[in-house]
Each structure stands twice: as structure tokens, then as C-alpha cells.
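Welcome! Please take a look at the structure below, and then let us walk through a few of its features together.

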Amino acid sequence: MSIIHPEKSEPFEDDNLAAVTEVEAGIRDFVRNDVAYLRRPAPGSAAATPEIALEANTEATVNSVNSLIQRVAGTSLTEIENLVSELESLRDLLHAEGQRVQREISGYAQLSQAAMKSTRLIADNVAQWKRTADGLRHD
């Protein structure tokens with residue numbers, strides 16, 4: 001045990017530094033031992049090399065992520081497909097209704113022109129009869 005002198009505090013600092021280093025080394029060893037089983041293939045497994053184990057683990061992770069995405073997105077995709085189908089049906093309906101309205105407007109325009117022609121014909125005939133009637137009165 002060292003005696004600590006007020007003018008010299010180095011032995012105390014050295015003890016603290018040694019304790020901190022020892023704790024850090026213990027933590028490092030614990031983490032290495034805890035994670036080491038993940039890096040080693042299981043005894044008797046087909047993954048004899050770390051590369052094969054890593055590829056199998058990566059493939060399993062990718063499949064898991066793909067499965068999760070499909071489950072999460074499946075409902076949304078179904079809803080989007082239904083919405084697209086409904087929108088296409090509405091587009092077809094609006095197109096058909098637009099054509100019907102154009103036919104109706106065309107029919108009303110023809111009817112309006114026929115009515116105007118008939119009104120002019122009637123007005124011309126009435127004016128002619130009036131002139132004829134006025135001519136008969138003056139004679």
C-alpha cells in the first residue's frame with residue numbers, strides 16, 4: 001500500500017486508472033463472449049464457414065423484412081387497387097354522361113333552330129296576311 005503525500009498524489013491516481021482499465025477490460029470481455037455465439041455456426045449445421053452463415057442470416061433477414069413489408073403494405077395495396085378501380089369506373093361514367101349531355105345539347109340546339117325557323121315563317125305569314133288585309137280594306 002502506498003502512502004499518499006499531500007504534495008504527491010500520483011499513487012492514488014494510478015490506482016484509479018488501473019481500476020478503470022480493469023473494469024473496461026471486463027466489459028469488453030463480457031461483450032465479446034456475449035456476441036461470439038452469433039458469429040459461430042451451430043455445431044452440426046450446414047453453415048460451416050462464417051461466410052455461409054452470414055449469407056444465410058442475411059437471406060433470412062431479407063425474407064423477414066420482405067414478409068413484414070408485404071403484410072404491412074398488403075392491405076394498403078388492396079385499398080389502393082380498389083380505389084383505382086372505383087376511379088376508373090367513375091371516369092367511364094363521367095365520359096358516358098359527357099357524351100349524353102353533348103347529344104342532349106345538340107338535340108336542343110336543333111330544336112331551337114327549328115323553333116326559330118317556324119317562328120320566322122309564322123311571323124312572315126302573319127305580316128303578309130296583315131298587308132293583304134290592309135290592302136283589302138283600302139280598296
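How many residues apart are arginine 100 and glutamate 97 in helix α2? They are 3 residues apart, so about one helical turn separates them. Before going on, a word on the basis: this is a predicted model, in which local features need pLDDT of at least 70 and side-chain atom pairs count only at pLDDT 80 or more, while totals for chains, interfaces and linings use all residues. Residues are numbered from 1 along each chain as its sequence is written, and side-chain values use heavy atoms, leaving out hydrogens and water.

Arginine 100 and glutamate 97 form a salt bridge, with their closest N and O atoms 3.0 Å apart. The term stands for a side-chain nitrogen of Lys or Arg within 4 Å of a carboxyl oxygen of Asp or Glu. Arginine 100 is partly exposed at 36% relative accessibility, and glutamate 97 is partly exposed at 33%. Here, buried means under 20% relative accessible area, exposed over 50%, and partly exposed in between (1.4 Å probe, protein chains only).

The whole structure holds 2 salt bridges. Arginine 91 and aspartate 92 also form one, and there the closest N and O atoms are 3.8 Å apart. Arginine 91 is exposed, at 53%, whereas aspartate 92 is partly exposed, at 46%.

Now look at leucine 90, which lies in helix α2, residues 50-138; helices are DSSP runs (H or I, at least four residues), numbered from the N terminus. Leucine 90 has a relative accessible area of 48%, so it counts as partly exposed.

Methods:
Helix = DSSP H or I, 4+ residues; strand = E, 2+ residues; numbered from the N terminus.
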